[in-house]
Protein chains: 2
Amino acid sequence: MRPNFKKLQLSALNRKSLKEFKQTPKMGIMLLLDNIRSAHNVGSIFRSSDAFAVEHIFLTGITPIPEANFEIQKTALGAEKSVNWTQVDSEEALAMFRQNGYKIYTIEQAENSQNLADFNLNILEKYVFVLGNEVTGVSEFWMENCDGCLEIEQFGTKHSLNVSVTAGVLLYSVSRSIKN
Amino acid sequence: MRPNFKKLQLSALNRKSLKEFKQTPKMGIMLLLDNIRSAHNVGSIFRSSDAFAVEHIFLTGITPIPEANFEIQKTALGAEKSVNWTQVDSEEALAMFRQNGYKIYTIEQAENSQNLADFNLNILEKYVFVLGNEVTGVSEFWMENCDGCLEIEQFGTKHSLNVSVTAGVLLYSVSRSIKN
């Protein structure tokens, strides 16, 4: 017999409170949003980052910040409060990442890239994943200073995904990739 | 030595022409957009559907259609021309899906849902995946008439993803799930 697929009420979703979420151990996944133009995309990435328990979001260049940006707040639906974020200068961020031994991976279509689906997260490491501008992609600065480049395999005529979709696919894939 | 991660030029992406894409065998994956409100989301889903070689998109209810909708065209970046689509009535669509033996899966947070990550596509079947409204989710009609319900496991305070992000994660996951 076919089971009943009754939609869950909000109360049944076991959603964490803001305090519980802040105290939840994260998976060592951080994002760096490198010159992302659209507040809509930034808000959507915050929302996905809440869903996949991202530890921190770094914002560089022209990327709009949640404070006082109504469009981000409208799209993030409160995730800009649950996910920690900092606006940073790229060079200072790189120095800090190196000092802390974080692994830096760009998400881009590039020579020598690794298929995202073949990438496994090492639970003992911390990772910064760099997502780039809607038109020009990840900047040369991060392409030259990354430890690796991940690519989402595509089969179509366009070979481009919206950057917030890319972020969602990335977070889903890496959060599933931890070997227990 | 660290390899060079040179970004690929458009010409190096092996993008299919529109004619080649139309002739490419697809994976038997179809989407049904059930009362999706935002043209921005519809456009983004078309773009992801091109990337993951979706066979057909069905549009029901209030879902805006690509024709004469500038917002969809702007977001889809031409994918509304490469991906086949039809506007349908839900009851007629259901009858047609049943007649053709398509499997119908809703994407929703529901009782008896299956974790998307545990779902494997059977290459011998054809699938219609139903994505729902931004606020109210998949309609009761499709919840009552689906063969299964898939859910994206989440870890945050919100338990909601943007519907175009959900579509991207779904397409990535099912396109990787085919057992060779």
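Reader: Which residues does Leu31(A) touch, not counting residues up to four places away in sequence?

Author: In this predicted model, Leu31(A) touches Ile45(A), Ser49(A), Val54(A), Ile57(A), Phe129(A), Leu131(A) and Ala167(A), with residues up to four places away in sequence left out. The general idea is that nonpolar side chains in soluble globular proteins tend to be buried together. Here the largest nonpolar core has 102 residues. Leu31(A), Val130(A), Leu31(B), Phe129(B) and Val130(B) are the members that touch the most others.

Reader: How is the fold of chain A read, and what is the order of its elements from the N terminus on?

Author: Begin with the count, then take the order. Chain A has seven helices and seven strands. Their order from the N terminus is α-β-α-β-α-α-β-α-β-β-β-α-β-α.

Reader: What radius of gyration does chain A have, and what would a compact globule with 180 residues have?

Author: A compact globule with 180 residues would have a radius of gyration near 16 Å, and chain A, at 17 Å, agrees with that. The C-alpha trace of chain A spans about 55 × 40 × 35 Å along its principal axes. Buried residues account for 47% of the 180 residues of the chain.

Reader: Is Ile36(A) buried or exposed?

Author: Burial is read here from a neighbour count, with 20 or more other C-beta atoms within 10 Å making a residue buried. Ile36(A) has 24, so it is buried. Ile36(A) lies in the loop between strand E1 (29-34) and H2 of chain A. Beyond its neighbours within four places in sequence, Ile36(A) is in contact with Asn41(A), Val42(A), Thr63(A), Leu131(A), Asn133(A), Glu134(A) and Val163(A). Ile36(A) also shows how separation in sequence and in space can be set side by side: Ser164(A) is 128 residues away along the sequence, with a C-alpha to C-alpha distance of 10.0 Å.

Reader: Where is Lys19(A), and is it buried or exposed?

Author: Lys19(A) is in helix H1 of chain A. With 10 other C-beta atoms within 10 Å, Lys19(A) is exposed. The C-alpha atoms of Lys19(A) and Phe58(A) are 21 Å apart, for a separation of 39 residues along the chain.

Reader: How many of the 14 residues of H7(B) are buried?

Author: A helix can be checked for its length and for its cover. Helix H7 (residues 163-176) of chain B should span 20 Å at 1.5 Å a residue, and its end C-alpha atoms are 20 Å apart, which agrees. Of the 14 residues of H7(B), 12 are buried, so the helix is largely enclosed by the rest of the structure. Among the buried residues are Val163(B), Gly168(B), Leu171(B) and Val174(B). The cover of these buried residues includes helix H2 (39-51) and helix H7 (163-176) of chain A, together with strand E1 (29-34), helix H2 (39-51), E4 and strand E6 (127-131) of chain B.

Reader: What do the same checks give for H2(B), in span and in buried residues?

Author: The 13 residues of H2(B) should span 18 Å, and the end C-alpha atoms are 19 Å apart, which agrees. In H2(B), 13 of the 13 residues are buried, so H2(B) too is largely enclosed by the rest of the structure.

Reader: How many residues of chain A are in contact with chain B, and which element supplies the largest share?

Author: There are 52 residues of chain A in contact with 52 residues of chain B. On the chain A side, helix H1 (18-23), H2, H4 and H7 each supply at least two residues. The largest share, seven residues, comes from H7(A). By class, the chain A side has 22 nonpolar, 20 polar and 10 charged residues.

Reader: What rotation superposes chain A on chain B?

Author: A rotation of 180° does so, with 0.0 Å of shift along its axis and an RMSD of 0.0 Å. That is the relation of a two-fold axis. Of the interface residues of chain A, 100% are also interface residues in chain B, so the copies meet through the same surface.

Terms used. Residues are numbered from 1 along each chain as its sequence is written. Chains are lettered from A and ligands numbered from 1 in the order in which they are written. This is a predicted model: local features need pLDDT of at least 70, side-chain atom pairs count only at pLDDT 80 or more; totals for chains, interfaces and linings use all residues. Copies are superposed by least squares on the C-alpha atoms of residues with pLDDT of at least 70 in both. Two residues are in contact if their C-beta atoms, placed from the backbone, lie within 7 Å. A nonpolar core is a set of buried Ala, Val, Leu, Ile, Met, Phe, Trp, Tyr and Cys residues joined through C-beta atoms within 7 Å. Helices (H or I, at least four residues) and strands (E, at least two) are DSSP runs, numbered from the N terminus. The radius of gyration is taken over C-alpha atoms; the globule rule is 2.2 Å times the number of residues to the power 0.38. The expected span of a helix is 1.5 Å times one less than its number of residues. Ala, Val, Leu, Ile, Met, Phe, Trp, Tyr, Cys and Pro count as nonpolar, Asp, Glu, Lys and Arg as charged, and the others, Gly among them, as polar.
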